[in-house]
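Please keep the sequence and the model in view while reading.

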Amino acid sequence: MPTIHFYFDFVSPYAYVAFHALPRTLAGLPYQVVHRPLVLGALLKAHGTPVPVSLPPKRDWLFRHASWLAREQGLDFALPAVHPFNSIPWLRMALAASPQGEPGRHVCETLFNAIWQGGRDVDDAALRDAVWQELVRELPAVRDPAEAAVKEELFAIGEAALQHGVFGVPSCVLLPEEEGGDPELFWGVEGLPMLREALLARTAAVEASEA
């Protein structure tokens, strides 16, 4: 089954929209998603790229555009009380929610929605703790988000993203199914229809080989 690595940082409103849009865009196709939280700031620094919201007119456009995209998807959208915010505690929570460091869709959805719905101050430690406690009650096994292994996993995902050619979030990387194949990168919400097309091509190729 085709495997997609979904690279994201909770600080990105586009990642929020893409996370919700992905299953709708790929409806009816066989695939599996591995959610890969990373630190966008570190990724941009590695590429020598400025933070998008550092330019005020661009910042205003990004939030207007993301709000419009969310509305098109039927999603609630409210800018957090402070943005940019420190997403690293949220990213560590996502990883710590899984013993293997691969957060499921429910975990990611809970964290995305806590951040991008309600307009709350997501730098507030009390809010983070409340969300974390909610996850703890629902999951069979979790780790301490502050433990060294979780921090190392977050760094390692950033390194893996660079190896996959990821330069921003959200990014979907469609892994090759044959030895020595090249991964395919799809960036942004607008890249999701291209991802669907690539999956359709793979499905057609498999069906043709089995005919």
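This is a predicted model: local features need pLDDT of at least 70, side-chain atom pairs count only at pLDDT 80 or more; totals for chains, interfaces and linings use all residues.

Residues are numbered from 1 along each chain as its sequence is written, and side-chain values use heavy atoms, with hydrogens and water left out.

Helix α1 covers residues 13-25, and its axis lies 9 Å from that of α3, at an angle of about 15°. Here helices (H or I, at least four residues) and strands (E, at least two) are DSSP runs numbered from the N terminus; axes are lines fitted to C-alpha atoms, for helices over the stretch in contact, and angles run from 0 to 180 degrees between N-to-C directions. The helices α1 and α3 are therefore roughly parallel to each other (angles under 35 degrees count as roughly parallel, over 145 as roughly antiparallel, 65 to 115 as roughly perpendicular and the rest as oblique). From α1, the residues P13, Y14 and V17 meet W61, L62, F63, H65, A66, L69 and A70 of α3, where contact means heavy atoms within 4.5 Å. By class, this contact of α1 with α3 holds nine nonpolar residues, one polar and no charged (Ala, Val, Leu, Ile, Met, Phe, Trp, Tyr, Cys and Pro count as nonpolar, Asp, Glu, Lys and Arg as charged, and the others, Gly among them, as polar).

A cis peptide bond joins H83 to P84, with omega at about 5°.

Helices α4 (residues 88-96) and α5 (residues 105-116) pack with axes 9 Å apart, at an angle of about 160°. That angle makes α4 roughly antiparallel to α5, and the crossing of α4 and α5 is right-handed. W90, M93 and A94 of α4 make the contact with V107, L111, A114 and I115 of α5. The residues of this contact of α4 with α5 divide into seven nonpolar, no polar and no charged.

Helix α5 also packs on α6 (residues 125-138): the two axes come within 11 Å and cross at roughly 160°. This makes α5 roughly antiparallel to α6, and α5 passes α6 in a right-handed crossing. On the α5 side are H106, V107, T110, L111 and A114, which meet V131, E134, L135 and E138 of α6. The contact of α5 with α6 comprises five nonpolar, two polar and two charged residues.

What is the order of the strands in the sheet? Four strands form an open sheet in the order β2-β1-β3-β4, with mixed pairing; two strands pair if DSSP finds at least two bridges between them. The edges are taken by β2 (32-37) and β4 (184-187), each with a single partner strand, so one side of each has no neighbour in the sheet. On average, neighbouring strands of this sheet are turned by 20° against each other, direction ignored. Strand β1 (residues 3-8) runs parallel to β2 and is joined to β2 by six bridges. F6 has H35 of β2 as its bridge partner.

A cis peptide bond also runs from V169 to P170, with omega near 0°. P170 lies in the loop between α7 (148-163) and β3 (171-174).

Taken as a whole, the chain has eight helices and four strands, which follow one another in the pattern β-α-β-α-α-α-α-α-α-β-β-α. The radius of gyration of the chain is 17 Å, close to the 17 Å that the globule rule gives for 211 residues, so the chain is as compact as a globular protein of that length. This radius is taken over C-alpha atoms, and the globule rule is 2.2 Å times the number of residues to the power 0.38. Along its principal axes, the C-alpha trace spans about 60 × 40 × 35 Å.

Key
A crossing is left-handed if the near helix is turned anticlockwise from the far one by less than a right angle, and right-handed if clockwise.
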